[in-house]
Amino acid sequence: MKITLSDLKELIDKGLITSRTHPKSELIIYNYTAKAQYNKLWTKEIRQCRGLICNFDEEIIARPFEKFFNLEEYDQPLPEETFEVFEKLDGSMGILYFIEDTPYIASRGSFDSPQAIKGSSMLHEQYKEAIPLLNKEKTYLFEIIYPENKFVVDYEKLNALTLLAVIDTKTGNEEAIEEYNNLGFPIVQKFKPSNLND
């Protein structure tokens, strides 16, 4: 899907998405607003702006998950198609992006939130062996988990970047996460149909 900065500027002017510029690089992160959420204005462009990162040349640098819907938010018939079920972790989403050859972690709408800073620190300290294996053509998505970022689930002393998904940045296609178990990150649990009720 092609997204232009002019399209996004129009959505910003309407109050449907926000943009934040990276403090040290020519990158912009986009996030949908409460106005879009409460009015259910879910165009393809707005759904994509859940931490979408572009550069000043209108190239997509990191493509996170699109907006997903809780059951009570979705007013259309449920699609009849195959699906996969993964554990829902209780931290903050981390979006891996590169500045030149150095990877960093952003949170959903910020390059320098406490979660983004902590995620980048964990990446370079706990998972530095993974860095040479990362493909700049992919977007790696994580759950950032650490004690000070507790919401509901108490993970005690756990500090982790749990890999949630790998997305081809150009096409938006999600790849089989099992192919990335060589990176050294913990991987989100995937449930088989036979153990959904366990």
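## Two positions in loops

Asp75 is located in the loop that connects S4 with strand S5 (85-86); helices (H or I, at least four residues) and strands (E, at least two) are DSSP runs, numbered from the N terminus. The model is a predicted one, in which local features need pLDDT of at least 70 and side-chain atom pairs count only at pLDDT 80 or more, while totals for chains, interfaces and linings use all residues. Residues are numbered from 1 along each chain as its sequence is written, and side-chain values use heavy atoms, with hydrogens and water left out.

Asp75 counts as exposed because its relative accessibility is 58%; buried means under 20% relative accessible area, exposed over 50%, and partly exposed in between (1.4 Å probe, protein chains only). Asp75 and Ile99 are 24 residues apart along the chain, and their C-alpha atoms are separated by 40 Å. Pro132 belongs to the loop between helix H4 (114-125) and S8. With 67% relative accessibility, Pro132 also counts as exposed. The C-alpha atoms of Pro132 and Leu183 are separated by 9.4 Å, although these residues are 51 apart along the chain.

## Salt bridges

Side chains of opposite charge can pair when their charged atoms come close. The structure contains 7 salt bridges, each defined as a side-chain nitrogen of Lys or Arg within 4 Å of a carboxyl oxygen of Asp or Glu. One of them joins Glu10 to Lys14, with the closest N and O atoms 3.3 Å apart. Glu10 is partly exposed, as its relative accessible area is 44%, and Lys14 counts as partly exposed at 44% relative accessibility.

Another salt bridge pairs Asp168 with Lys138, the closest N and O atoms being 3.1 Å apart. This pair links distant parts of the chain, with Asp168 in strand S9 and Lys138 in strand S8, 30 residues apart. Asp168 counts as buried at 15% relative accessibility, and Lys138 is buried with a relative accessible area of 13%. Lys138 also meets the side chain of Glu175 in a salt bridge (2.7 Å, N to O). Glu175 lies in the loop between S9 and strand S10 (190-191), whereas Lys138 is in strand S8, so the pair ties together parts that are 37 residues apart in sequence. Through shared partners, salt bridges join Lys138, Asp168 and Glu175 into one network.

## The second largest pocket

The second largest pocket has a volume of about 340 Å³. On a 1 Å grid over the protein atoms alone, a pocket is an open set of points where a 1.4 Å probe fits, with protein on both sides within 12 Å along at least five of seven lines; lining residues have an atom within 4 Å of a point. The lining of this pocket consists of 15 residues, of which Ile60, Ile61, Lys136, Glu137 and Thr169 lie nearest the centre.

Strand S4 (60-62) and strand S6 (92-99) each contribute at least two residues to the lining of the second largest pocket. Sorted by class, this lining has 5 nonpolar, 3 polar and 7 charged residues.

## A nonpolar surface patch

Phe151, Val152 and Val153 form a nonpolar patch on the surface, and together they have about 300 Å² of accessible area. Patches are made of residues with over 30% relative accessible area and no salt bridge, nonpolar side chains being joined within 5 Å. Val153 is placed in the loop between strand S8 (138-145) and strand S9 (160-168), and Val153 counts as partly exposed at 37% relative accessibility.

Terms used
Patch = residues over 30% accessible without salt bridge, like charges linked within 9 Å, V, L, I, M, F, W, Y side chains within 5 Å. Areas by Shrake-Rupley, 256 points an atom, 1.4 Å probe, with all protein chains shown as cover. Points joined across faces, edges and corners; volume = space filled by probe spheres on them. Nonpolar A, V, L, I, M, F, W, Y, C, P; charged D, E, K, R; others polar.
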